[in-house]
Amino acid sequence: QVQLVESGGGSVQSGGSLTLSCVVSGQFYSTYCMGWVRQASGKEPEGVAAINNDGDIRYADFVKGRFTISRVTRVDAKNTLYLQMNSAKPEDTAMYYCAAIPVGAVAVCDLGTQFEYWGQGTLVTVSS
């Protein structure tokens, strides 16, 4: 069983920064494709960034150069996925979800990956 718990959301002014964290519990974390997906009110979910177990990273065009995804594997099993958000824009306002799926279950770890496991989400609000 994989559990994902996000934190770090909040309010920030345009141009500011936030760091989202997602603590991942469960076995075989290192073999998972991980990603951040966001959903703004009244809109469809959209992939923000994805990172494979070999470190291959994909970003949506609308966050390239501003957001950074990273993952840390720890021996105490408190593995964590991060999303560093810089130069935030009002259009970044959304609920942000951490997601995961075993690498072996997908052909490619990408923004359009149909993730299997999801966190509860953390709300990010960017004011102008």
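Reader: Which residue in strand 9 does tryptophan 36 stand opposite?
Author: This is a predicted model, in which local features need pLDDT of at least 70, side-chain atom pairs count only at pLDDT 80 or more, and totals for chains, interfaces and linings use all residues. Residues are numbered from 1 along each chain as its sequence is written, and side-chain values use heavy atoms, with hydrogens and water left out. Strands are DSSP runs (E, at least two residues), numbered from the N terminus, and two of them pair if DSSP finds at least two bridges between them. Strand 4 is joined to strand 9 (residues 94-102), and there tryptophan 36 stands opposite cysteine 98.

Reader: How many bridges join strand 4 to strand 9?
Author: Strands of a sheet pair through backbone hydrogen bonds, either parallel or antiparallel. Strand 4 and strand 9 run antiparallel, and the number of bridges joining them is eight.

Reader: Which residue in the turn between strand 4 and strand 5 has a positive phi?
Author: Strand 4 and strand 5 (residues 46-51) run antiparallel and are joined by five bridges. Within this pairing, arginine 38 stands opposite glutamate 46. The two strands form a hairpin with six residues between them, and the turn residue with a positive phi, of about 80 degrees, is glycine 42.

Reader: How many residues of strand 4 are buried?
Author: Buried means under 20% relative accessible area, exposed over 50%, and partly exposed in between, using a 1.4 Å probe and protein chains only. Strand 4 covers residues 32-39 and is largely enclosed by the rest of the structure, because its buried residues number seven of eight.

Reader: What is the strand order of the open sheet of four strands?
Author: The edge strands are strand 1 (3-7) and strand 7 (67-72), each of which pairs on one side only. Strand 3 (residues 18-25) and strand 8 (residues 79-85) pair over seven bridges in the antiparallel sense, with leucine 20 opposite leucine 83. The pairing in this sheet is antiparallel and the order is 1-3-8-7.

Reader: By how many degrees are neighbouring strands of this sheet turned against each other on average?
Author: Axes are lines fitted to C-alpha atoms, and angles run from 0 to 180 degrees between N-to-C directions. For the sheet with the order 1-3-8-7, the average, with direction ignored, is 15 degrees.

Reader: What is the pairing of the bonded cysteines, numbered in sequence order?
Author: A disulfide is a pair of cysteine sulfur atoms within 2.5 Å, and the structure holds two. One joins cysteine 22 to cysteine 98, with an S to S distance of 2.1 Å; the other is formed by cysteine 33 and cysteine 109, whose sulfur atoms are 2.0 Å apart. In sequence order the pairing is 1-3, 2-4.

Reader: Which link is left-handed and which is right-handed?
Author: The link of cysteine 22 and cysteine 98 has -75 degrees about the S-S bond, and is left-handed. With 80 degrees about the S-S bond, the right-handed link is that of cysteine 33 and cysteine 109.

Reader: Where does cysteine 109 lie?
Author: Cysteine 109 has a relative accessible area of 3% and is buried, and cysteine 33, at 0%, is buried too. Cysteine 33 lies in strand 4, and the pair ties together parts that are 76 residues apart in sequence, because cysteine 109 lies in the loop between strand 9 and strand 10 (117-118).

Reader: Which residues do ring pairs link into a cluster?
Author: Rings of Phe, Tyr and Trp (its six-membered ring) pair if their centres lie within 6.5 Å; planes under 30 degrees apart count as stacked, over 60 as edge-to-face and the rest as tilted. Tyrosine 97 and tryptophan 118 have ring centres 6.3 Å apart and planes at 80 degrees, so this pair is edge-to-face. Phenylalanine 115 and tryptophan 118 are also edge-to-face, at 6.1 Å centre to centre and 85 degrees between the planes. The cluster is Tyr97, Phe115 and Trp118.

Reader: Is tryptophan 118 buried, partly exposed or exposed?
Author: Phenylalanine 115 counts as buried, at 9% relative accessibility. Tryptophan 118 has a relative accessible area of 44%, so it is partly exposed.

Reader: Which residues touch the most other members of the largest nonpolar core?
Author: A nonpolar core is a set of buried Ala, Val, Leu, Ile, Met, Phe, Trp, Tyr and Cys residues joined through side-chain atoms within 4.5 Å. Of the 28 residues in the largest one, those touching the most others are Leu4, Met34, Trp36, Leu83 and Tyr96.
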